[in-house]
Every structure is written in C-alpha cells, then in structure tokens.
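Hello,

As promised, here is the structure we talked about. Have a look at it first, and then read on for what turned up.

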Amino acid sequence: MATIHFLNVLEGDCNIIQHDSGRITVMDISNAYNDEDTDEEKAVKSSKEREEMINRTHVPSNKTNYNQKKEPDNPIDYLKTKLKVSSIFRFIISHPDMDHLDGIKDLYDEFEVVNTWDTDNDKDIDLNNFFGGYNKEDWKFYKNLRAGKNTETKRLTYFSKQSNQYYNEDDITILCPTAELVKNGNDTEDYNDASYAILFTPPKKDGGKWKILLAGDTHDDSWDYILKNHKSEVSNIDILLAPHHGRDSSRNYDFLDTLNPKVTLFGNASSEHLAYTKYPKIRITNNQAGYVILDTSPDYLKVYVKNFEFARDFRTKQGWNEPKYNSKHKAYFLFLYEAK
C-alpha cells in the first residue's frame, strides 16, 4: 500500500509518496546534493548562512532537543539508496521559494523526472544580492524549467478542481492554487498563497479514505478558498503537514477548527517562530523525530520515525513499551490508527 515519507531537510520541505500504482511523487526539494559538488555548491555548504540553518533550533525550555536538525536528510541519497528509486513520475514545486527548490538541479541530473507541476508565477531573484545560503544555479535551473526550456520533463500547471487520470488513480486532490490566487501572488509578490496544497487520500476499508494533507506554504487566502470549496474533503483529517513548516506567520488559524488533524507534522522552523501550541495534539517536529514515515493500508495507518530516543520517550509517556525497529523503513514504530 501507499507510503509517505516526510524528510528532515534543514528549513525546507521534501515529501515523497510511493503510490500503489508504483509511481513516485516528490513534492518540493531541500538539502539535495549529488556526489559532485561544483564550486558554487562547495561555497554554499561552507557558508555561514548554511551553518546557521543547521544550528538554528531554539528548542523551548519545556521540550527536549533531539538534535535531528544536525543530521539532515539528503533527498537524493534517500531516493536512491533507501527507496531504490530511479524515476520520479511527478515532481510538484509547491511555490518558488528557495527552501523548496534547494538542490533542484542535482535532482533532475540524477533522476528521470517525467512530469513537473509548477505554477505560472513571475517571481524573480536578483542573484547579485544576498542569496541566503542557497545555490544560485538552482534558481537559474528553475527559471529555465518554468520558462518551458527543459525538454526532458513535461511541465504542467494544474489548479484546484481540475482532474487527470493519473493523479486520480494516485488518490491526489488539488486543493490550491487557483488561477486567481496565482495572479494575486504575482500582483502582490507574496507567493505563499500561490502554493500548491495537495490532499492525498489512500483507501481505507469499506470505501473510506485516509486524509493526508500536504499544505505547502498556503496562507489565509488559500484557506478561505479551501474552506469554501473543499470543506468536507478537509474535515477531520488524519495527518497535516503544517503550512509554512509550522511557522507563526501572522495568520488566521480558524482553518484548524475544520481540519482538526489527529497528527500535525512540523518542519524545522526555529521554535521561536513555531506556532506549536496553535495546533491540536499530536504534534511532531523533524527536529524531534528525524524523518517520519506513514505506512497506509485499508486497515491501519502506521507512523514510524527515524529517531529511537524520541520514539522511546513518546511511547513511555503513553505507558507503552519500547519502540520496535522496522527494517523495511529503517525507522522505529511510534503508533497506529485503525480504520473506522
């Protein structure tokens, strides 16, 4: 059955879905490098800005720092070595921020990427100015990709309520963006509300569906649209990948009353900017868990994490025994939900 991998990638996103069809979806990329570093990549890796990303956790005094941010995943290695992937059926670029494009050139160098989902945004970055610890070649590659100049992949722009045989078969629903949200993002130069939000619904028994929401960097306008047009689909979801890595982005959190997620997953936003308490329990950060794996079946949704210490402490608080290691996922069993 379908398996979802939420990688621990510094301050960005990279999520991988292994579909029942055998197809692979990757949404966003961060901290991705192949084995050959260019001079630019060497400079980025050794930059003060990159070092600050690794060290920037600011764990609250009442929380344990499990230091997983210091051991970030390289998605290229993860795909090749752990998952034995050689071809990516669809790569979804949620929106054009560098923490979602970090390593895109190496990704396309190392894998066949059949389809690329991208928005018709008009964002530009002045490469002569401060570039924040990211590779300028990645931005140049993305601009060529966005312009349709890369002939080795099929660039596609989809919007909410559109339908396609392949992503229907792969249990994908596009919640956002709309053409209007993208236009507004271009007009205001605020591209978060031009972000893809993807609902993944692998099957449960008796015709039900698990609800796993990959929210990108969606902001208030996106959630206004989603709640007006997809309310029943996003009500009482199972897993939420928190929008904007869980950062407190001066936003309205009323959408959580409808979503009411059983589990919320956070990226590695610094906890001084993390809206941790806005979300209902259970809340898991990459800095606690390392990568998080969701293993779905019609009967169960099982949650695994890389970090043994976090899994042990989590289960001890519930009065449960020590976590068992799963050799297939190379991760520790945390808990499961039974389909109802």
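Please keep in mind that this is a predicted model.

The lining of the largest cavity is made up of six nonpolar, three polar and one charged residues. A search of the whole structure turns up one cavity of 30 Å³ or more, and the volume of the largest cavity is about 50 Å³. If you want to find the place on your screen, select Phe6, Leu7, Gly12, Asp13, Cys14, Asn15, Leu241, Leu265, Phe266 and Asn286, which line the largest cavity. Cys14 counts as buried because its relative accessible area is 1%.

Next, the open space. The largest pocket has a volume of about 380 Å³. There are 16 residues in its lining, and those closest to the centre of the pocket are Lys63, Tyr276, Arg283, Phe314 and Lys317. Which helix gives the largest share of this lining? That is helix H12 (residues 308-317), with four residues. By class, the lining of the largest pocket splits into seven nonpolar, four polar and five charged residues.

Now for the salt bridges, of which the count is 19. Here are a few that I would look at.

Arg247 and Glu11 form a salt bridge, with their closest N and O atoms 3.9 Å apart. Arg247 sits in the loop between strand S10 (239-241) and helix H10 (255-259), while Glu11 sits in the loop between strand S1 (3-6) and strand S2 (15-18), so this pair ties together parts that are 236 residues apart in sequence. Are the two partners buried or exposed? With the cut-off for buried at under 20% relative accessible area, Arg247 at 17% counts as buried, and so does Glu11 at 10%. The pair also belongs to a network of salt bridges that links Glu11, Arg56, Lys69 and Arg247.

Lys140 and Glu137 form a salt bridge as well, and here the closest N and O atoms are 3.2 Å apart. Both residues lie in helix H5 (residues 136-146), three residues apart, which is about one turn of the helix. Lys140 is partly exposed, with a relative accessible area of 39%, and Glu137 is partly exposed too, at 31%.

One more pair to show you is Asp313 with Arg312, whose side chains meet in a salt bridge at 3.0 Å, N to O. Asp313 has 22% relative accessibility and therefore counts as partly exposed; Arg312, at 27%, is likewise partly exposed.

Finally, the sheet. Strands of a sheet pair through backbone hydrogen bonds, either parallel or antiparallel. In this model, ten strands make up an open sheet with mixed pairing, in the order S6-S5-S4-S3-S2-S1-S13-S14-S16-S15. Which strands form the edges? They are strand S6 (154-156) and strand S15 (325-326), each of which pairs on one side only.

On one side of the strand, S3 pairs with S2 in the antiparallel sense over four bridges, with Ile16 of S2 having Val26 in S3 as its bridge partner. S3 (residues 24-27) is also joined to strand S4 (residues 87-92) by three bridges, and these two strands run parallel.

Happy viewing, and do write back with any questions.

Best wishes

Methods:
Residues numbered from 1 in each chain as written. Predicted model: local features only at pLDDT ≥ 70, side-chain atom pairs only at ≥ 80, totals over all residues. Heavy atoms only, no water. 1 Å grid on protein atoms, 1.4 Å probe; cavity = no way out; pocket = protein on both sides within 12 Å on 5 of 7 lines; lining within 4 Å. Points joined across faces, edges and corners; volume = space filled by probe spheres on them. Nonpolar A, V, L, I, M, F, W, Y, C, P; charged D, E, K, R; others polar. Salt bridge = Lys/Arg side-chain N within 4 Å of Asp/Glu carboxyl O. Buried < 20%, exposed > 50% of the residue type's maximum accessible area, 1.4 Å probe, protein only. Pairing = 2+ DSSP bridges.
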